[in-house]
Amino acid sequence: MADRITLRRILKLLAISAKMDLVWLLRDTKYTLAGICADMISNIATVSGVFLIAARFGGIGGMSTDEVLFMMAYSTLVTGIFIMFDGNNIHVSRMIGRGQLEHMFIQPLSLKVQFFTSGFMPFSGGINVVIGTILMIIAVGQLGLNITPWWVLSLIAYLLTTMTIIVARAYLVSSAAFYAPVTCEEISTTVIDGNWFLSTFPLSGMPRFVQIPLLTVLPEGLMAWFPTLALLGRPPLNLTALYPMFFALLISLLASIIFRRGLNHYVKKGSNRYVPYGFRR
Amino acid sequence: MNKYIKTARLSAGEKTNGGILYLMPDVLIKICTLIPLIFLWRVVMSSGVQVGMSFEQMLSYTYVSAILADMLVVKTSASGWLSEGVLLKLYGRPLPVLSQLVAQTIGGWMPMLLLFSLPMALLAPLLGVNLVPATPLFFISLLLCISLGFAIDVLFACLSIKLRNMSWLIDRIRVAVVTLFSGTVIPIQLLPFGIDEVMRYQPFASLGGASLSIFVGTANAREVIALQIIWNLILWPAALLVFKKSQEGMVSYGG
């Protein structure tokens, strides 16, 4: 029988994941530290490119160098939160494609709760949250922003919205893995990781036919650029500052419908990925 | 030679076994990154800051970088040879391992060259992109870049042998560092604070960024090629030596 899910229960489940992460850090410290360094170097290399261009050219498309730094800080925070909650449960096509949902079916918890709580890695995955926070403090100081509780709440709301869009899009495309497990096993990697660099581009000054698709069909502009300008008090393209929230709601609904359909297909057809002696096809 | 061509063919076939449709997300992502990147350069170059490069040169640089991406920073299957069972395949065939890796990698380039690079090259004149190299020395530089890319890849693969189950982490660090230090996305000469002067002489700078700067005519071709030859002469013997010593330490744990 499935457990009753309360906030306390969710926190306990997150704590279990966090504990396992800590145990990993303590038992295999060398490997975990290497992982932390890899996350840090990878993110710094990604965001520093755009920042260095801004520094060289004195800003990008009407955004000053400090504003670009602010955007890179936001992007680093998103990367950090993403890594902290992603133990393959956001790269979900990998789990579906490899037939690993079967492992989840035998747990006395709903899939939703397992997806939300299973990949929490605050110790090994939190380094970019720390770096992002430091960069954010520096950028805010350079820009002389007036920080109020409302502004901090807005920042948190935008970060949550960005994460919702990332997760919803990952689940939307990963639904294809229910129907084509081998071919689409890594489709979430292609969509999430393949576009990460693009999400660090400041779109200011670009023509609308580039900006609009990047705020709709391929929402990389919502990963850092739009939230940055909204937090600086000038949301782009005369859109409401709440546009990312509306978009997140829409894509979540769509992902929910498509993912459920895929799951229904999966429970009827199953997965053909494993041969009886354990190897993956 | 025939056996290597067959290996390359097998490798090209492997990429399309899941159907051409499977490669389409990668093609789309390449296009969707290239277009905003071109406009990003248009925006920054219109600021009027003198960087020793015109917008037309920058456009060609970015475009060629995208269509020759696989060659400008070589990546073989060796980076995952411990965890993905590649080892068994390579050592089970009566061919030298490194030569197989080269043949496999070149074969693996083919589907993307046909599906992305060729159509984009044909579209280039319509988009106003000049795809004629400033000097024929570009082709020599490209060959040296590919050769150096293989040497660097072998060195990283040997590092993954040494560190055993860290191959994924090594790959992650390598992609990030090489992307920035090779100048394939952001030309090294555009880096501020004097970083460009320091970065010019490190080995990764002799990869794609070197060939691209010769292509658009912003670098002294002879100097760049000389540097590429020097790095090839240093890193190939090192790669062969390290590979020879690493072979016995290989432990395959995947498949």
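Visitor: How many residues of chain A are in contact with chain B, and how many of chain B with chain A?
Guide: In this predicted model, 34 residues of chain A contact 31 residues of chain B.

Visitor: Which helix of chain A gives the most to that side?
Guide: Helix 2 of chain A does, with 15 residues. Helix 2 and helix 11 (187-194) of chain A each supply at least two residues there.

Visitor: And how do the residues on that side of chain A divide by class?
Guide: There are 21 nonpolar, 12 polar and one charged.

Visitor: How do helix 2 of chain A and helix 8 of chain B cross?
Guide: The axes of helix 2 (residues 29-57) of chain A and helix 8 (residues 167-181) of chain B come within 9 Å, with a crossing angle of roughly 20°. Because angles under 35 degrees count as roughly parallel, helix 2 of chain A is roughly parallel to helix 8 of chain B. Their crossing is left-handed.

Visitor: Which residues make that contact?
Guide: From helix 2 of chain A, they include A34(A), G35(A), A38(A), I41(A) and A45(A). Helix 8 of chain B contributes, among them, L169(B), R172(B), I173(B), A176(B) and L180(B). By class, this helix pair's contact has nine nonpolar, six polar and one charged residues.

Visitor: Turning to confidence, what is the mean pLDDT of chain B?
Guide: The mean is 86, and 98% of the residues of chain B reach 70 or more.

Visitor: What ipTM and pTM does the predictor give the complex?
Guide: The ipTM is 0.79 and the pTM is 0.87.

Conventions:
Residues are numbered from 1 along each chain as its sequence is written. Chains are lettered from A and ligands numbered from 1 in the order in which they are written. This is a predicted model: local features need pLDDT of at least 70, side-chain atom pairs count only at pLDDT 80 or more; totals for chains, interfaces and linings use all residues. Axes are lines fitted to C-alpha atoms, for helices over the stretch in contact, and angles run from 0 to 180 degrees between N-to-C directions. Helices (H or I, at least four residues) and strands (E, at least two) are DSSP runs, numbered from the N terminus. Angles under 35 degrees count as roughly parallel, over 145 as roughly antiparallel, 65 to 115 as roughly perpendicular and the rest as oblique. A crossing is left-handed if the near helix is turned anticlockwise from the far one by less than a right angle, and right-handed if clockwise. Two residues are in contact if their C-beta atoms, placed from the backbone, lie within 7 Å. Ala, Val, Leu, Ile, Met, Phe, Trp, Tyr, Cys and Pro count as nonpolar, Asp, Glu, Lys and Arg as charged, and the others, Gly among them, as polar. pLDDT is the predictor's confidence in each residue, from 0 to 100.
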